[in-house]
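The sequence and the structure are shown first.

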Amino acid sequence: MNDDERRQGEQGDQGERDFEVRLRELLAEDAYTFRPPPAPYPAIRRRGVLERRRRVAAAGAMLAALAAMPVGAYALGGGRSGAETAMTPVPSVSAPRTPSPTPGGPARPATPGQLLDGITFAQAADGLEKCLAFRGTVPQSDGRTDLDTTDGYRIILALRSTGDSNATGDGMFVVAAERKEPKEAALICRIVDGEAVGLSGAGAAAPSDPSPVFADLNGGKLYQQSVLDRGNWKLPFRWGLVGTVKASVAKVTVSYGDSSAEAALDHGWFVASGVLNQQVTLAPRIKGYDADGRLVYDSDEDRYYARTLP
């Protein structure tokens with residue numbers, strides 16, 4: 001190797017050393033420039049909170065859906081002949097789930113025969129609770145809150161309901177009366193597939209001085225099928241009738257088509273029921289008697305009672 005080649009090699013080695021030294025300096029100077037940015041803790045925390053809320057909301061929606069599902073349908077007995085009297089319960093076809101009534105719930109009816117078609121008191125109380133929940137979805141003009149729980153009621157009648165063109169699906173009626181005085185209109189609720197589908201009588205008032213026997217103002221739904229089906233009612237048809245009685249009345253009888261019944265008297269209410277096996281055009285005829293057996297009321301003589309069905 002000559003001198004020129006040796007000098008060129010030394011210069012190349014020096015250039016490489018200089019480049020390496022400069023590169024190290026640059027790396028040392030820019031070491032902090034290329035630091036990874038700090039972790040976005042606030043953003044991560046917000047994302048975690050939102051995710052937890054989403055999971056809680058999803059779990060709540062699932063629990064609400066499970067709670068809304070009917071656990072079991074009410075099993076109601078089939079129809080009987082017209083010879084059956086009003087207060088003869090019909091055994092259930094199957095053994096339904098029997099819900100437990102709410103502690104401190106409604107009062108029982110005066111007689112076992114006011115619970116018809118195999119409906120138990122526990123089922124009726126459970127139905128009443130559903131009715132009040134249904135009532136709670138509708139604003140009340142009277143502003144009363146003492147009737148928001150079952151404690152304020154006495155169940156006076158429960159019977160199967162027959163679906164018609166206006167209210168489809170078979171189910172049951174639960175009729176409850178206020179436990180406090182004065183006597184107001186009965187609360188009548190219809191249950192289908194374990195859910196309340198209709199309610200009447202809440203907040204309605206009876207006349208200040210009714211006749212000795214007074215049929216409930218909303219009671220027609222218990223003994224009528226839809227006017228759309230006039231002359232073509234589903235038979236046999238379980239019917240019911242409730243109303244108030246004064247203390248002077250000792251006995252109430254009701255005749256309807258080919259059926260008749262002696263009503264149960266329950267804390268100022270009369271409760272009658274039967275099974276209809278023929279088409280009718282006249283409403284039930286009601287008679288009231290005092291303790292001596294004297295007739296003190298006849299619906300045929302009551303100008304305020306609608307004798308003809310709609």
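## Burial and contacts

Of the chain's 310 residues, 37% are buried, meaning under 20% relative accessible area with a 1.4 Å probe and protein chains only. Among contacts (heavy atoms within 4.5 Å) between residues at least 6 apart in sequence, 63% link residues at least 24 apart.

The model is predicted, with pLDDT of at least 70 required for local features and 80 or more for side-chain atom pairs, while totals for chains, interfaces and linings use all residues. Numbering starts from 1 along each chain as its sequence is written, and side-chain values use heavy atoms, without hydrogens and water.

## Secondary structure and sheet

The chain contains four helices and twelve strands, taken as DSSP runs (H or I, at least four residues; E, at least two) numbered from the N terminus.

An open, antiparallel sheet has four strands in the order β8-β7-β11-β12, where pairing requires at least two DSSP bridges. Its edge strands, β8 (259-262) and β12 (295-298), each pair on one side only. The twist averages 15° from one strand to the next, with axes fitted to C-alpha atoms and angles from 0 to 180 degrees between N-to-C directions. Strands β7 (residues 251-256) and β11 (residues 285-289) are antiparallel and share five bridges; Val-254 has Ile-286 of β11 as its bridge partner.

## Cavities

There are three cavities of 30 Å³ or more, a cavity being a set of points on a 1 Å grid over the protein atoms alone where a 1.4 Å probe fits but cannot get out.

Residues lining the largest cavity include Arg-230, Trp-233 and Pro-310, lining residues having an atom within 4 Å of a point. The lining divides into five nonpolar, five polar and one charged residue; Ala, Val, Leu, Ile, Met, Phe, Trp, Tyr, Cys and Pro count as nonpolar, Asp, Glu, Lys and Arg as charged, and the others, Gly among them, as polar.

Definitions and conventions
On a 1 Å grid over the protein atoms alone, a cavity is a set of points where a 1.4 Å probe fits but cannot get out, and a pocket is an open set with protein on both sides within 12 Å along at least five of seven lines; lining residues have an atom within 4 Å of a point. Grid points are joined across faces, edges and corners, and a volume is the space filled by probe spheres set on the points. Buried means under 20% relative accessible area, exposed over 50%, partly exposed in between (1.4 Å probe, protein chains only).
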